[in-house]
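Please open the structure in your viewer and keep the selection tool at hand.

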Amino acid sequence: MKKITVTVASALAVMSLVVGCGTNSTTHSGNTSGVNSVGNASTTANTVKVGLVTDTGGLNDNGFNHLAYVGVTTAQQKLGIQSSVVQSQSESDYVPNLSKYASQGYSLVIAVGYLMHDAVEQVAQQYPKTHFMIIDDTITDRPNVTSAVFDSQDAGYLAGAMAGLLEKGNTLSNLNKQNIVGVIGGQSAPPVNNYIAGFQQGFKQEDPSGKVLLSYTNSFTDQSLGSQYAQNQLSQ
């Protein structure tokens, strides 16, 4: 569910600007080759330009960075906008990357992830005529910022209910006889915790006597650490 809504949110944010600003029919191509790359297509005065700034997870996260990019490229193909994406290598890149697009007159600058909250607050204040959107976070004190927040707990509930049904049914090979499941989160943050809370509730709905192990790696990108935490839970 979340994968779909991130893509749709990016596309709809772009569409709202296209309706308001107008665009030409020329097909443009974005550029993802560098940390500070910008789409190299020719533009007219009416071209809607959209800049996408990822968090440190990058475009290969198989998650909301990638899917936000899918939404922007879909709008590029169907609406004729010009788009560009920049991948943040560290948190210190957030303000420069957002500022680069804003200073170049982009119509919309999309920040992917709650980790960019402070950066969006700062840059949106510096560029009040630029539209910004932040995904997975809420900013209410900037009229030029739109927040895309999802009901993560709903998806978590479904996953938890499925885990409870599988654990009770004991129909999968290699399941032990204990009514224990595990959850590993990245950083402890509202969207992550909402998902986990939904998972716990869904699991308890199916197996009230079951136990949910919970761990945080404090990282969204360290796969080896995630594997280590998973092995620790399996040993329990």
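Select glycine 80 to begin: just after helix 2, this residue takes a positive phi of about 75 degrees. Helices here are DSSP runs of H or I with at least four residues, strands are runs of E with at least two, and both are numbered from the N terminus. The model is a predicted one, in which local features need pLDDT of at least 70 and side-chain atom pairs count only at pLDDT 80 or more, while totals for chains, interfaces and linings use all residues. Residues are numbered from 1 along each chain as its sequence is written, and side-chain values use heavy atoms, leaving out hydrogens and water.

Next, select helix 2 itself. Its 16 residues reach 22 Å from the first C-alpha to the last, close to the 22 Å expected at 1.5 Å a residue (the expected span is 1.5 Å times one less than the number of residues). Its buried residues include Phe64, Leu67, Ala68 and Val72; buried means under 20% relative accessible area, with a 1.4 Å probe and protein chains only.

Now move to strand 1, residues 49–53. Why is this strand described as largely enclosed by the rest of the structure? Five of its five residues are buried, so the remainder of the structure largely encloses it. Lys49, Gly51 and Val53 point one way, whereas Val50 and Leu52 point the other way.

Select Phe132 next. Among the residues that phenylalanine 132 touches are Leu108, Val109, Val120 and Val145, where contact means heavy atoms within 4.5 Å. Phe132 also belongs to the largest nonpolar core, which has 21 residues. Such a core is a set of buried Ala, Val, Leu, Ile, Met, Phe, Trp, Tyr and Cys residues joined through side-chain atoms within 4.5 Å. Helix 3, strand 3, helix 4 and strand 4 each give two or more residues to this core.

Finally, show the whole protein: the secondary structure comes to seven helices and seven strands, and buried residues make up 45% of the 236 residues.

Technical notes. Buried means under 20% relative accessible area, exposed over 50%, partly exposed in between (1.4 Å probe, protein chains only). Lists of a residue's contacts leave out its neighbours within four places in sequence.
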